[in-house]
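Open the model in your viewer and keep the selection tool at hand.

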Amino acid sequence: MYTNHTSPRSGAARSGEPAASDIDLIQLRGFLGTDASELSAFLADAESTLRLMGEDLDGAVARRDLETIREIAHEASGTCANIGAIGLASLGRTLSLAVKRADWTTLQMTSERVSAGIERFLTFLRSEASALR
Amino acid sequence: MNILVVDDNRLSLDVYRAAIRRLGDHDVAALTAPVEALAHAGAHNVDLLIVDYRMPGIDGLNFVIRFRALPGKDVVPIMMLTQERDRHVLHDVLALGVNQFMNKPADPVEFATRVGNLLELRRSRVALADQAESLANAVQRATAELETRERGALALLGRIGEYHDDASGLHQLRIGKYCALIARAMGCDERYAGDIELAASLHDIGKIAVPDAILLKRGQLGERERSVMQSHARIGGSMLSAYASPLMEMAARIAATHHERYDGTGYPAQLAGTSIPVEGRICAIADVFDAITSPRPYKAASSYAAGLKAIEEGAGTQFDPRIARVFLGCADTVLSIARALRDGAETAEPAPAA
């Protein structure tokens with residue numbers, strides 16, 4: 001079973017876990033249910049997909065490639081919201097706005113926050129997966 | 001049910017697949033590459049398509065267009081997911097026949113409900129199609145049975161019509177075979193050839209109304225007798241036209257017009273040229289050839305060569321010249337039929353030289 005995160009926005013984040021506002025548990029659980037194998041498969045795909053997204057974003061920011069950043073921002077805001085990673089989705093929207101303004105300071109800062117957000121989300125998923133075993 | 005999910009993002013596919021699996025024992029093909037997904041759709045049954053709007057290579061709109069063009073995919077329910085909020089995108093998607101449109105992030109409960117509804121829609125459509133197919137099969141079987149009965153009844157009528165002067169029924173068989181041979185040589189399909197073979201066997205059904213004293217008379221008929229004899233065409237056409245079916249209507253046309261002449265001097269209506277139904281023009285040739293080469297109460301059989309010569313000489317006056325050429329072009333087969341179905345040993349004469 002999942003841990004006692006009954007509401008996405010209730011309760012304080014425990015040490016080393018994402019802030020409650022980073023994750024929409026209703027969204028995530030609504031899709032994945034309580035099947036351990038589903039969550040494990042999802043975790044494996046999340047490890048590779050989100051990390052690759054983070055690396056692509058870092059590279060695009062370093063290259064000052066606005067088009068690629070715009071694509072990644074679009075993907076992050078849509079997909080991450082779909083899977084309950086609302087913190088990452090919010091950062092995706094921030095990136096989209098910064099792309100429009102070519103605001104490289106915000107893009108640089110947000111890129112770093114995305115990397116950290118990805119790790120927090122993965123940490124959360126790992127803890128959920130182990131709780132379900 | 002077989003569900004195809006296409007989204008270039010693996011994580012979205014994962015959550016959609018997990019939600020669908022909880023709806024029942026469905027086979028879910030979750031693919032990130034649109035081209036691969038189209039190949040899958042072309043090779044597999046798909047009961048529901050769930051597709052992302054924004055994908056690299058082929059976007060959702062083009063994907064749907066290509067998917068719909070695949071055999072059997074024109075009525076498969078489709079749900080499209082997108083982050084786009086543009087009303088024009090929504091309208092374009094709906095115009096393509098997409099059944100459901102969901103914005104991302106997709107609410108899991110709404111997603112599951114919509115998928116469930118679309119699967120139910122699919123089940124209903126499949127059940128309806130199965131029912132329609134079953135009904136169509138039943139109708140086809142019943143129609144085939146009716147056709148068989150109708151053909152049997154026609155064949156019997158033909159025998160009855162000929163019984164006075166041809167108890168063997170071979171004359172009607174030969175006429176049918178000649179007509180079918182001509183029809184095939186003219187390029188008509190097998191269905192038509194089969195129909196004319198049977199319908200032509202009724203060409204003289206009106207002779208039922210001709211008294212035996214005239215029908216079996218040895219020697220020349222008087223003017224009044226000839227008039228009575230000629231009435232068999234009109235009577236036969238009238239008798240057969242009382243029964244409405246394509247086969248019987250063809251038989252009626254043949255009975256009514258097989259004594260018309262191409263130059264308009266035949267009977268009963270003095271029709272000319274192509275105003276004579278083509279079946280009548282075909283049967284006229286078959287009937288005259290058979291009359292010449294078969295014995296009658298008032299004459300002996302003439303040679304096959306004489307029969308063919310009569311057709312050749314009558315082309316353009318008594319007979320449609322085009323159909324006469326076709327008949328003469330099939331002379332070898334004509335003679336094979338004549339020999340195989342001859343009335344008796346004394347009837348057959350040596351085949352004419354080519």
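The model is a predicted one, where local features need pLDDT of at least 70 and side-chain atom pairs count only at pLDDT 80 or more, while totals for chains, interfaces and linings use all residues. Residues are numbered from 1 along each chain as its sequence is written, chains are lettered from A and ligands numbered from 1 in the order in which they are written, and side-chain values use heavy atoms, with hydrogens and water left out.

A cavity is a set of points on a 1 Å grid over the protein atoms alone where a 1.4 Å probe fits but cannot get out; lining residues have an atom within 4 Å of a point. A volume is the space filled by probe spheres set on the points, which are joined across faces, edges and corners.

**Stop 1: the largest cavity**

Select Asp22(A), Gly87(A), Leu88(A), Gly117(A) and Phe121(A). Of the 10 lining residues, these are the closest to the centre of the largest cavity. Its volume is about 60 Å³. Now colour α4 (86–101) and α5 (104–132) of chain A: each supplies at least two residues of this lining. Such helices are DSSP runs (H or I, at least four residues), numbered from the N terminus. The lining divides into 6 nonpolar, 2 polar and 2 charged residues. Here Ala, Val, Leu, Ile, Met, Phe, Trp, Tyr, Cys and Pro count as nonpolar, Asp, Glu, Lys and Arg as charged, and the others, Gly among them, as polar.

**Stop 2: the second largest cavity**

Move to chain B. The second largest cavity has a volume of about 50 Å³. Among its 11 lining residues, Arg174(B), Thr293(B), Ser294(B), Tyr304(B) and Ala338(B) are the closest to the centre. Show α6 (170–185) and α11 (278–293) of chain B, which each supply at least two lining residues.

**Stop 3: the largest pocket**

A pocket is an open set of points with protein on both sides within 12 Å along at least five of seven lines. The largest pocket has a volume of about 880 Å³. Select Met229(B), His259(B), Tyr267(B), Ala291(B) and Tyr298(B), the closest to its centre of 31 lining residues. Which helix gives the most to this lining? α11(B) does, with 5 residues. By class, the lining has 12 nonpolar, 9 polar and 10 charged residues.

**Stop 4: the second largest pocket**

This pocket holds about 450 Å³ of space. Of its 22 lining residues, Glu71(A), Ile72(A), Glu75(A), Asp8(B) and Asn9(B) lie nearest the centre. The classes are 5 nonpolar, 7 polar and 10 charged.

**Stop 5: where the chains meet**

Show both chains. 21 residues of chain B are in contact (heavy atoms within 4.5 Å) with 24 residues of chain A. The two chains bury about 1,900 Å² between them, 54% of it on carbon and sulfur atoms. Buried area is the accessible area (1.4 Å probe) that two parts lose on being put together, summed over both.

How many salt bridges cross the interface of chain B and chain A? The rule finds 2; it asks for a side-chain nitrogen of Lys or Arg within 4 Å of a carboxyl oxygen of Asp or Glu. Zoom in on Arg21(B) and Glu38(A), which form a salt bridge with their closest N and O atoms 3.3 Å apart. Finish with α1 of chain B: 9 residues, the largest share of the side of chain B that touches chain A, come from α1(B).
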